[in-house]
Amino acid sequence: HSVMSRFLNVLRSWLLMVSVIAVGNTVQSFRDHSFLSQKLYTGTPDYVNGLQARTFGIWTLLSSIIRCACAIDIQNRTLYHITLWTFVLALGHFLSEAFIYKTAPLTIGVMAPLIVASFSIVGMLIGFQCKVEPQEAVGARQKKRN
């Protein structure tokens with residue numbers, strides 16, 4: 001195994017771990033919306049209600065499903081791009097809530113998703129250098145062998 005394929009395996013494990021943690025956050029968002037006002041949106045806890053928490057939970061669950069699917073099929077270029085975007089959107093959301101809307105001051109609860117999103121973006125950008133290639137190239141190689 002090359003260093004690059006080992007890197008992709010580490011990235012797959014990371015995506016799976018982040019995905020599992022996100023399912024936990026989803027369950028928490030549905031169970032008790034005070035989780036969000038106490039951990040994330042501490043600047044304006046009165047903005048957090050059940051509807052907002054469930055919406056956050058669904059968004060988190062969708063991100064989790066996408067990241068898990070990418071961990072399973074990391075060679076799928078389209079899925080890889082979409083997964084990268086889930087982290088870009090999360091980073092943008094938490095940065096804007098922290099610095100523009102002032103609903104999520106930089107507590108440990110906000111720093112954690114910022115660090116995870118940043119680390120994931122960097123990892124996925126490095127992963128591009130590995131073996132993620134268009135399906136056409138894979139198909140062309142298969143035809144050459146036959």
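Predicted model: local features only at pLDDT ≥ 70, side-chain atom pairs only at ≥ 80, totals over all residues.
1. The largest pocket is lined by 21 residues, and Ile21, Asn25, Thr60, Phe94 and Pro113 lie nearest its centre. Its volume is about 480 Å³. A pocket is here an open set of points on a 1 Å grid over the protein atoms alone, where a 1.4 Å probe fits, with protein on both sides within 12 Å along at least five of seven lines; lining residues have an atom within 4 Å of a point. Grid points are joined across faces, edges and corners, and the volume is the space filled by probe spheres set on the points. At least two lining residues come from each of helix 1, helix 2 (34-39), helix 3 (50-72), helix 4 and helix 5.

2. Residues are numbered from 1 along each chain as its sequence is written, and side-chain values use heavy atoms, with hydrogens and water left out.

3. The protein has 6 helices and 0 strands, giving the pattern α-α-α-α-α-α along the sequence. Helices (H or I, at least four residues) and strands (E, at least two) are DSSP runs, numbered from the N terminus. Of the contacts with a separation of 6 or more, 70% join residues 24 or more positions apart; contact means heavy atoms within 4.5 Å.

4. Buried residues make up 37% of the 146 residues, where buried means under 20% relative accessible area, exposed over 50%, and partly exposed in between (1.4 Å probe, protein chains only). The accessible surface of the protein comes to about 8,700 Å², of which 68% belongs to carbon and sulfur atoms. Accessible areas come from the Shrake-Rupley method with a 1.4 Å probe, and for residues only the protein chains shown count as cover.

5. Ile21, in helix 1 (residues 3-31), counts as partly exposed because its relative accessibility is 48%; its C-alpha is 9.9 Å from that of Thr60, 39 residues away in sequence. Ser19, also found in helix 1, is buried, with a relative accessible area of 4%. Beyond its neighbours within four places in sequence, Ser19 is in contact with Ser64, Arg67 and Cys68. Arg31, in helix 1 as well, is exposed at 64% relative accessibility, and 9.3 Å separates its C-alpha from that of Ala53, 22 residues apart in sequence.

6. Gly127 lies in helix 5 and is buried, with a relative accessible area of 0%. Gly127 and Phe7 are 120 residues apart in sequence, yet their C-alpha atoms are 7.3 Å apart in space.

7. A nonpolar surface patch is formed by Leu95, Phe99, Ile100, Tyr101 and Leu106, with about 530 Å² of accessible area together. Patches are made of residues with over 30% relative accessible area and no salt bridge, like charges being joined within 9 Å and nonpolar side chains (Val, Leu, Ile, Met, Phe, Trp, Tyr) within 5 Å. A salt bridge is a side-chain nitrogen of Lys or Arg within 4 Å of a carboxyl oxygen of Asp or Glu. Leu106 belongs to the loop between helix 4 (77-99) and helix 5 (108-128) and counts as partly exposed at 44% relative accessibility.

8. Lys102 lies in the loop between helix 4 and helix 5. Its phi is near 60 degrees, a positive value in a residue other than glycine. At 53% relative accessibility, Lys102 counts as exposed.
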